Structure formats: C-alpha cells, structure tokens
Amino acid sequence: MNGPRLERRDAAGLKDIRPQLLDVYAEIYADRLGEEFHSVARFDERLGWNTEVPGFAAVVAYLDDVPVGYAYGCTLQPGTRWWNGLRTAVPKGATEETGSRTFALSELMVVERVRGTGLAGQIHDELLRGRPEERVTLLVERDHPKVRALYEAWGYEWFGEVLPFPDAPPYDAMILRRQV
Ligand SMILES: CC(C)(COP(=O)(O)OP(=O)(O)OC[C@H]1O[C@@H](n2cnc3c(N)ncnc32)[C@H](O)[C@@H]1OP(=O)(O)O)[C@@H](O)C(=O)NCCC(=O)NCCS
C-alpha cells in the first residue's frame, strides 16, 4: 500500500469527483443519514453553495487512488450568513467580513481506517497552506468535545455558540488566528 496522496482541487476540479466525495460522506455519516440535516442531499446542497463562494478550495486524500478523506471551505464574503446563527456575544467587529479576512473551513472528514494517523491534520494544513486569510473559522458539534479538543490542539479557540441552520444541532464556532 502506498502512503496517502493529497490533491488540491478548486470548484471546477471538484465536479468529476463529487459523487466519490458524497460516497465518503455517506460512509462516515452512515448512522446519521436518517436525520434530514445530515442527509446526503442536504450535504450535497451545502457543498454546492460552498463551491460558488470565492476562495473555495478543497483537499482530497487518496490511499491507493481511493479517496479516504477531504476538507473544503471558502472565504467569507461581506454579508455572509455564516455568523447569522451566532447565539453568544462577541467583541464589536468580530464578525465583520471583508471577503479576504476569514477562511471558513466547512467540512473535514476521514474514514475510520485512517483516523488517529495524523492524516486529518495533514489535510487541514494542506488546505490552509499559502492562504492569505488572517483567520480560519470552523464549527464543531457541541456533542463532540473530543473533536473540539483536537481542534484546540491545532490552535483553534472557542468563539461562540452557533445554530447554523434551524434544523441543525448546536455547534461551537472556533477560530484559528494565523500569521500571514
Ligand atoms: C474529526 C476527524 C477528521 C479527526 O480525525 P483524526 O485527527 O484522525 O482524529 P480522531 O479520529 O482520532 O479523533 C479525535 C477524537 O475525537 C473523537 N471523534 C472524532 N469524530 C467524532 C465524532 N463524529 N463524534 C464523536 N467523537 C468523535 C475520536 O473518537 C477521538 O477520540 P479519542 O482520542 O478518545 O479516540 C475524524 O475523526 C472524522 O472524520 N470524524 C467524523 C467526521 C467529523 O466529525 N468531522 C468533524 C466535523 S467538525
């Protein structure tokens, strides 16, 4: 077996592998696909919205040419809905987006057989490599404190409580400040 290979993709470059990425999602979220918010169709819809936003980028990890994980995100634009579900107070101006300030890491996932290997961190770092934004934000489910702890180990800090969609579970927003 060859080591993992990471591939960067832009929105156009994602089209031909989108079905494969949906399969990876379906495998990882198998026990939650019955929840409307986590259905493949809704995930695909959110992925589609992401690809339309400037700054979209994805990194896909392959093991023996089979995708085993990926991450993607986009640059938050002025007037973005990203912060609309924020439930807690934040400092003035903290959610002001300029179209170049914040990279929103929308999804990060790896299949079970490569968990705990550091591959997720490699995908994450490759996605951010060379990006110009001064900060990165992501949402982590309130019910997943171990995932939050992982992000804290990567340098992320808690920012606020978020309900990103009316039928979504509660999330915490986290922020990674970057030297750019
Ligand atoms: C999050 C993820 C990319 C991290 O991969 P990794 O760096 O290899 O780290 P691990 O898989 O070892 O996860 C770290 C810890 O979080 C826990 N964890 C990971 N995903 C979890 C989930 N969906 N729900 C609850 N706990 C989870 C793991 O059990 C592990 O805990 P442990 O140290 O006690 O074993 C990977 O676990 C994953 O793809 N999870 C499913 C999808 C997901 O939840 N993505 C994050 C969305 S914010």
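Helix α2 (residues 18-28) packs against helix α3 (residues 40-51) at an angle of about 130°, and their axes lie 10 Å apart. Axes are lines fitted to C-alpha atoms, for helices over the stretch in contact, and angles run from 0 to 180 degrees between N-to-C directions. Helices (H or I, at least four residues) and strands (E, at least two) are DSSP runs, numbered from the N terminus. The angle therefore makes α2 oblique to α3, where under 35 degrees counts as roughly parallel, over 145 as roughly antiparallel, 65 to 115 as roughly perpendicular and the rest as oblique.

This is a predicted model, in which local features need pLDDT of at least 70 and side-chain atom pairs count only at pLDDT 80 or more, while totals for chains, interfaces and linings use all residues. Residues are numbered from 1 along each chain as its sequence is written.

In the contact between the two helices, L22, Y25 and A26 of α2 meet V40, F43 and D44 of α3 (C-beta atoms, placed from the backbone, within 7 Å). These contact residues comprise five nonpolar, no polar and one charged (Ala, Val, Leu, Ile, Met, Phe, Trp, Tyr, Cys and Pro are nonpolar, Asp, Glu, Lys and Arg charged, the others, Gly among them, polar).

Around the ligand are 13 residues, of which M109, R115, G116, A120 and K146 come nearest (C-beta atom, placed from the backbone, within 6 Å). Two or more residues of this shell come from each of β4 (102-110), α4 (119-128) and α5 (145-153).
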